[in-house]
Amino acid sequence: MIILGINAYHADSSAAIFKDGKLLVASEEERFRRVKHWAGFPSLAIQFCLNEAGVSMADIDYISIGRDTKAKFWKKVLFMLRGFGKKISLLADRLSNSRQVVSIEKELADLSGLSVSDIKSKLKYVEHHRAHLASAFFASPFEESAILSIDGSGDFTTTMIAVGRGDKIEVIDSVDFPVSAGLFYTAFTQYLGFPHYGDEYKVMGLAPYGKPIYVDEIRKILKFTDDGMFIWDDSYFVSPYEIRLSYENNLPTVSTLYSKKIEELFGPTRLKGEELSQKHKDIAASVQRVCEMLIFHILNHLQKRTGLKNICIAGGVAQNSVANGKIIDSTGFENLYIPSAGHDSGISMGSALYVYNHILGLPRVAPIYTAYTGSKFTNEEIESYLKSRNIKYTKFDDVELFDRITDKLIESGVVGWFSGRAEFGPRALGARSIIADPRNSKAKELLNLKIKKRESFRPFAPSILEEYTGEYFTHVESVPFMERVFPIKPEKHAEIPAITHVDGTGRLQTVSKSIHPRYYMLIETFRQKTGVPILLNTSFNENEPIVNTPAEAIDCFLRTQMDMLVLENCIIER
Ligand SMILES: [Fe+2]
């Protein structure tokens, strides 16, 4: 049973292939197109997945797509009728949505050489939030679990709660567009002067510099309800008929979401390039706090309602790693699973799992703890490419390789590390990473100066050997996908200043020997020399999607002031 899952004509479009319920390969289209959050048809990702899995479209039993234009159909009709005579930007989007369904069928037919009717016979449409729910629950180790999907919006829903048991997901409740935790966060992200799709993590990074003194005001905008869900005061937002998520040039763009009333309450919108004031930081802290409170409010109700101890979460808001790190302490749940692609690229994976487990009723296979499902290049391929470009390199065996890299890190070097299959999801996890010495108090400035050039308030993250988590962090949980932030023990702050955020926390990745042995051994070599089982790990890119190929890694190396580039066993130095 081979299933191809797709997220198409939506932000972070992607493809994934499962064989007999096991994930073989998955990748975002942006990695091939070199445009962040690329939102068109994922033809290159599909082609890549077919090649890697060694199958053709004719071999595919089902093609799952994470969208269902019929979902909440009558609610949408009512919504449109109420908006009759108003601006019709949303209506235009809805119409283009149904055109896209036709386009998906045609694109798949063109790509495969099969007829549109052949393609149609394989297609299964899975509603957006059910795909999110499935991406978390069916990939989790739990036989039974509560599930939350929470994002900006998809298929007219913004939040969905459910229970998963075995191969079935039962939806309990949902919140309709436009009331949305994701859109609420995006509105304040825009107000704070970060206008691009996906900028919310900047507000999360800024929050620890402020005090949450506006929580009461913001809770009047986003109101928690007794049923464990929420509503909002719509006077603080533009009319839902004016909200537009457009995909011009395959780039997702969200129109301004907040109304003048936000400016009346908090003052004028922060302009581009305007210095961040203490008030901006306090607003960021307050928005982040309210977002966390809302997540705990939903989860605590869900826990009481279901009596379950396991929780799975997905959706754009589930990328809020600060909130995620507090879930076990702040709710009645005891175990948490979040997939590596908890945001919309995971829709490809989730829709395929939903078809395999829920629709076809086939039994679940092993849980997914690896994000390494993308592109891979052998030493032979890399060497042949380096020779073709006349680039000098030296090849070492693993032991000497790790020795040389760690020496470079200890000398304050910044190293590009390219090893094994690329990650699926927004985080670099030691396959396409830039690494540095976490003990170096200047590492953050060095990285920003040499490569990243990003806002100085944003933290860098640690990869830690999992056995040592309890020595450095106050919490010992498995965090394979860098999806949680934990406090770093106060006595360790001075030891690892480069990855200790201003509030004493770190967004960690716990590295397991069985999942990425080479990355594990690299950190272990560093530990043997320094006593510190941690590396600073940031994504291998410079204002672009994470590098996917050796060519892109070399271009990034040449464009920036990285000190060393490691492509599998080959080292390139300046
Ligand atoms: Fe979503």
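In this predicted model, five strands line up as an open sheet, and the order across it runs β3-β2-β1-β4-β5 with mixed pairing. The edges belong to β3 (22-28) and β5 (123-125); each has a single partner strand, so one side of each goes without a neighbour in the sheet. Going from one strand to the next, the twist averages 20 degrees. As background, strands in a sheet pair through backbone hydrogen bonds, and they can do so in a parallel or an antiparallel way. For β4 (residues 62-65) and β5, the pairing is parallel and spans three bridges.

Helix α2 (residues 43-53) lies across β1 (2-7), β2 (14-19) and β3, and runs at about 150 degrees to β3. Helix α13 also packs on the sheet, where it touches β1, β2, β3, β4 and β5. The direction of α13 makes about 140 degrees with that of β1.

Then there is the metal. An iron ion is held by two histidines and two aspartates: H128 and H132 each coordinate through NE2, while D151 and D344 each use OD, with distances of 2.1 to 2.2 Å. The angles between the four donor atoms run from 86 to 168 degrees, which is why the arrangement comes out as irregular. For comparison, four ideal tetrahedral donors would sit at angles of 109.5 degrees. Along the chain, the donor residues follow the spacing H-x3-H-x18-D-x192-D. D151 is part of strand β6 (residues 144-154), whereas D344 belongs to the loop between β14 (335-337) and α13 (346-359), so this pair ties together parts that are 193 residues apart in sequence. Both aspartates, D151 and D344, are buried.

Finally, the cysteines. A disulfide is a covalent bond joining the sulfur atoms of two cysteines, and a search of the whole structure turns up zero of them. In the case of C312, the closest cysteine sulfur is that of C291, and it is 19 Å away, too far for a bond. C312 is buried, at a relative accessible area of 0%. C49 likewise counts as buried because its relative accessibility is 0%.

Terms used: Residues numbered from 1 in each chain as written. Predicted model: local features only at pLDDT ≥ 70, side-chain atom pairs only at ≥ 80, totals over all residues. Heavy atoms only, no water. Donors = N, O, S within 2.8 Å, 3.2 Å for Na, K, Ca; no water. Tetrahedral: all angles 85-135°; square planar, octahedral: opposite > 155°, others 65-115°. Helix = DSSP H or I, 4+ residues; strand = E, 2+ residues; numbered from the N terminus. Buried < 20%, exposed > 50% of the residue type's maximum accessible area, 1.4 Å probe, protein only. Pairing = 2+ DSSP bridges. Axes fitted to C-alpha atoms, helices over the stretch in contact; angles between N-to-C directions. Contact = heavy atoms within 4.5 Å. Disulfide = S-S within 2.5 Å.
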